[in-house]
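This briefing concerns the structure shown below. It sets out the packing, the overall make-up and selected local features, grouped by topic.

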Amino acid sequence: GEDIRKKLSAISSKINYIENSLGIEGKTETLEGSEKKGKVGITPTKTEKKTDKEATYAAAYKTFQEGKYDGARKEFQKFLKLFPKTEHSDNAQFWIGECYFFEKKYEKAILEYEKVIKDYPEGNKVSYALLKQGLSFLKIGDKSSAKLLLQQVIKDFPNTNQARIARAKLVKIK
């Protein structure tokens, strides 16, 4: 598996390159901030009512379903600020990527999907994020990165819908 590892590190340097070329605002702050939070293991305060969390997430998702991607993205980002460590957080992060994807801002989408993979490795959205990262690379014409990511979906998440989609896409890339 050395080979894939090497290639994947090439992809992450591509992702860094994209970050730098977009000059993502406040990038370092968010990355370091989330690292620190993760280490301390912040327990949610008593004031965090479940209903607020559910309602905030539901509202953002509804905006997304209505196709208002710009608004939805802001709502999901707000949700993550308020609730960085909940069962919905990885989903919210994934939908931020989706908002960019549907706005055809594929480079930004790749970066947001990357956060799903890095910040929520245990979450149920990793396979989706990898798949959509692959599709985003495809959209910007980077077939080699796309292939690697799609192959990784198949390898790490066999027998899933995402693996089936990845396989179908791989056949087309050749």
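Leaving aside neighbours within four places in sequence, F137 is in contact (heavy atoms within 4.5 Å) with I11, K14, I15, I18, I110, D142, S145, A146 and L149. F137 is also one of the residues with the most contacts inside the largest nonpolar core, together with F76 and L150. The model is predicted, so that local features need pLDDT of at least 70 and side-chain atom pairs count only at pLDDT 80 or more, while totals for chains, interfaces and linings use all residues. Residues are numbered from 1 along each chain as its sequence is written, and side-chain values use heavy atoms, with hydrogens and water left out.

**Nonpolar core**

- The largest nonpolar core has 42 residues; such a core is a set of buried Ala, Val, Leu, Ile, Met, Phe, Trp, Tyr and Cys residues joined through side-chain atoms within 4.5 Å.
- At least two residues of this core come from each of helix 1 (2-22), helix 3 (50-65), helix 4 (69-82), helix 5 (89-102), helix 6 (106-119), helix 7 (126-139), helix 8 (143-156) and helix 9 (161-173).

**Overall make-up**

- The protein has 9 helices and 0 strands; helices (H or I, at least four residues) and strands (E, at least two) are DSSP runs, numbered from the N terminus.
- The order of elements from the N terminus is α-α-α-α-α-α-α-α-α.
- Of the 174 residues in the protein, 39% are buried; buried means under 20% relative accessible area, exposed over 50%, and partly exposed in between, with a 1.4 Å probe and protein chains only.
- Among contacts with a separation of 6 or more, 53% join residues 24 or more positions apart.
- The accessible surface comes to about 10,300 Å², and carbon and sulfur atoms account for 56% of it; these areas come from the Shrake-Rupley method with a 1.4 Å probe, and for residues only the protein chains shown count as cover.

**Helix 5 against helix 6**

- Two packed helices are described by the angle between their axes and the distance between the axes.
- The axes of helix 5 and helix 6 come within 7 Å and cross at roughly 170°; axes are lines fitted to C-alpha atoms, for helices over the stretch in contact, and angles run from 0 to 180 degrees between N-to-C directions.
- Helix 5 and helix 6 are therefore roughly antiparallel to each other, a label for angles over 145 degrees, whereas under 35 counts as roughly parallel, 65 to 115 as roughly perpendicular and the rest as oblique.
- Helix 5 contributes D90, Q93, F94, I96, G97, E98, Y100 and F101 to the contact, and helix 6 contributes Y106, K108, A109, E112, Y113, K115 and V116.
- These residues divide into 8 nonpolar, 2 polar and 5 charged; Ala, Val, Leu, Ile, Met, Phe, Trp, Tyr, Cys and Pro count as nonpolar, Asp, Glu, Lys and Arg as charged, and the others, Gly among them, as polar.
- Q93, placed in helix 5, is buried with a relative accessible area of 5%.
- Beyond its neighbours within four places in sequence, Q93 is in contact with L80, E112, K115, V116 and Y120.
- E112 lies in helix 6 and counts as buried at 9% relative accessibility.
- Not counting residues up to four places away in sequence, E112 touches Q93, I96, G97 and Y100.

- A72 lies in helix 4 and is buried, with a relative accessible area of 0%.
- A72 and A60 are 12 residues apart in sequence, and their C-alpha atoms are 5.2 Å apart in space.
- Outside the four places on either side in sequence, A72 is in contact with A60, T63, F64 and C99.
- R73, also in helix 4, counts as buried at 8% relative accessibility.
- R73 and I96 are 23 residues apart in sequence, with a C-alpha to C-alpha distance of 5.1 Å.
- Apart from neighbours within four places in sequence, R73 is in contact with I96, C99, Y100 and E103.

**Positive phi in loops**

- Most residues other than glycine have a negative phi.
- K104, which is not a glycine, has a positive phi of about 65°.
- K104 is found in the loop between helix 5 and helix 6 and is exposed, with a relative accessible area of 61%.
- N159, a residue other than glycine, has a positive phi near 60°.
- The loop between helix 8 and helix 9 holds N159, which is exposed with a relative accessible area of 72%.
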